[in-house]
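Morning, everyone. Please bring up the model on your screens, and I'll walk you through it.

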Amino acid sequence: MKHCLSVVLASAIALSLFSCGGEKTTKASSAEKKTSTEKKEVITLQVYDQLANYSGEQVGWFGKILLDKFNVKLNIIPETGNTLTTRMESKNLGDIVIWGADSNDYLNAVKSGLLFDWEEEDLVKEYGPDIYANMKNAMYKNRMVSGQNKVFGIANEISPSSKERSSFMYTWDLRFDLYKQLGYPEIKNYDDLFNVLKQMKDICPKDDNGKDTYALSLFPDWDGSMVMFVKSLGTAYRGWDEFGFGYYNPEDGTYHNCLEENGPYLESLKFLNRLYREGLLDPDSQTQHFDSMAEDYKNGTAFFQIFNFMGSSLYNSDEHLAEGKGMFPVCPTSASPLVYGQSVYGANRIWSIGANTEYPELCMEIINWLCTPEGTLTLQYGPKGVTWDYDANGKTYFTDLGKKCQGSKKTQMPAEFGGTFEDGEFKMNNTTWSLDAPNPDSNGEKYNKDSWESNKKAASSTIEQDWRTWAKADSADEYMGNHKYVLAPVSTYSPTEQIDELKAKWNQVATCIKTGTWRAMYAKNDTEFKNLVESMIKEAKSYGFDECNEYQTVEALSRKNAENLLNF
């Protein structure tokens, strides 16, 4: 930040000379200062992003907003292979740095001095005023997690209150038009769900493009310590939160490793293997990327998804709904999906700034804008005044174009933005405020479009009305809220940094479990499945699985203690 200190001082002196006594002056942004003094050319910031599913320049409508507002372009660098190792060795992570978790990778970067201290020379106070004023608890948590009495970032999903739950992410979306054709059979458990999905394949063997259909389509991009979808299916069914190499039960604070007999991970894996053996699992699941999976759901190739953002939000286009087709929640009666509580501290994905950036003020201004109501709504729904706006009463609504974009992301944006809504979507794949936090610019209405007064209306299609009648609810969140669920409170807990020996074992165990899980998922029969699981357990133990779980058991106690300190 010292590189432009003279410019800041010069600007401050100039402002003081022209200001009248007692009158408040308007401070120019660092981007404006650089444009008028040092840099008239567009600045390109490098964004190393562990959450991104995209590589390259942020284009389209969001790219234009950044260019107009900050005279900046973003080059997004996702985490692939040895990206982090290479950047750590070069001592340059990038300008803006986004972490998938506030644990090992992030803590290593802090320890190595590769992240900018947000309080150095009042960076956040001067250039992040909205963060400084409204996110002090999130800054406090980061100070505790970082362990250096310094703030190196803030988390995602922040709320001004911890008293409410968030909206549901695990919604068990199902092709409801096919379910209706089958006569709404009861789905109590995995067995019932399997039978329903098999019957759906019988009555709908081809997708919109004439390709074979499946119950489910997966991808490996988000696999971490375990295979993401196997782990998440267990969370959606049992209500236990992902935790190291297993699950944390929020109701009693106990830890359960993923290879526990009859536990949610192996239970889910067995269900997925059964789908595969019946030709109901997309055989490309292990090799395809997120985009290919997304296309499957857009085209009706797969009938079932536990995540709403991969199921109904992709399939329920205006065209499909007009044809009487749609995906809506149908939760097994024995399932208890997990839902997270809101948190003043935020979750665990970190926004940070690289220590070697030439533009710390500009990075801070961009992150700060994303923490404003306008920035929050823009990253979710598009440009203000173009796809959404406020009415005379301060309530949020979609414009006609915004409604079309919500119905189909392939909707063309105005010429000045270039391309479709999808082309310009926010590619950093992170959040600031929780969607279910109140928007202070909209009389407390939430950022979540599903809660907007303007969106509370009659069903937009006959199939949606059929689902509402069946579900006895007007929205997915209302339906899921009426179902039994497990609430996971969000606290100041953050994982204890692992020693190097444990990290080495952890990485070997993770590779073993992911490889073994995919192999078992593709087993040809029960005997092969059993043998592959037993082999995975034996191999994982040889790499140090038990030691990893000893560490995680202690972490569960720390998490429970942090939750007990919550003051609602």
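Is W470 buried, exposed or partly exposed? At 27% relative accessibility, W470 counts as partly exposed. The cut-offs: buried is under 20% relative accessible area, exposed is over 50%, and partly exposed lies in between, with a 1.4 Å probe and protein chains only.

Ground rules next. This is a predicted model, so local features need pLDDT of at least 70, side-chain atom pairs count only at pLDDT 80 or more, and totals for chains, interfaces and linings use all residues. Residues are numbered from 1 along each chain as its sequence is written, and side-chain values use heavy atoms, with hydrogens and water left out.

Now the aromatics. A search of the whole structure gives 39 aromatic pairs. A pair here means rings of Phe, Tyr or Trp (its six-membered ring) with centres within 6.5 Å; planes under 30 degrees apart are stacked, over 60 edge-to-face, and the rest tilted.

Take Y179 and W470. They pair edge-to-face, at 5.8 Å centre to centre and 90 degrees between the planes. The two residues sit 291 apart in the chain, with Y179 in helix α9 (residues 176-181) and W470 in helix α20 (residues 462-471). Y179 is buried, at 2% relative accessible area.

W506 belongs to helix α22 (residues 500-521) and Y551 to helix α24 (residues 545-564), 45 residues apart. W506 is buried at 10%. Y551 is buried too, at 14%.

There is also a cluster. Y170, F219, W222, F229, F290, F307 and F309 make up one aromatic cluster.

Two lysines sit over rings. K64 lies over the face of F417, 5.6 Å from the ring centre. K427 lies over the face of Y54, at 5.1 Å. The criterion: NZ of Lys or CZ of Arg within 6 Å of the ring centre and within 35 degrees of the ring normal.

On to the sheet. What is the strand order of the open sheet? It runs β7-β8-β9, 3 strands with antiparallel pairing. Pairing requires at least two DSSP bridges between two strands. The edge strands are β7 (241-242) and β9 (254-257), each pairing on one side only.

Start with β7 and β8. Strand β8 covers residues 246-249 and pairs with β7 over 2 bridges. D241 has Y248 as its bridge partner. E242 stands opposite Y247. The two strands form a hairpin with 3 residues between them, and G244 in the turn has a positive phi of about 60 degrees.

Then β8 and β9. They run antiparallel, joined by 4 bridges. N249 stands opposite T254. This hairpin has 4 residues between the strands, and G253 takes a positive phi near 75 degrees.

Helix α24 lies across β7, β8 and β9, at about 155 degrees to β9. Those angles run from 0 to 180 degrees between N-to-C directions, and axes are lines fitted to C-alpha atoms, for helices over the stretch in contact.

Now the buried spots. Helix α16 (residues 360-370) has 11 of its 11 residues buried, so it is largely enclosed by the rest of the structure. Among them are P360, C363, N368 and W369.

Where is N430? In the loop between α19 (421-424) and α20. N430 is buried, at 3% relative accessible area. Beyond its neighbours within four places in sequence, N430 touches L51, I98, N156, R349, W351 and L379. Contact means heavy atoms within 4.5 Å.

That's the tour.
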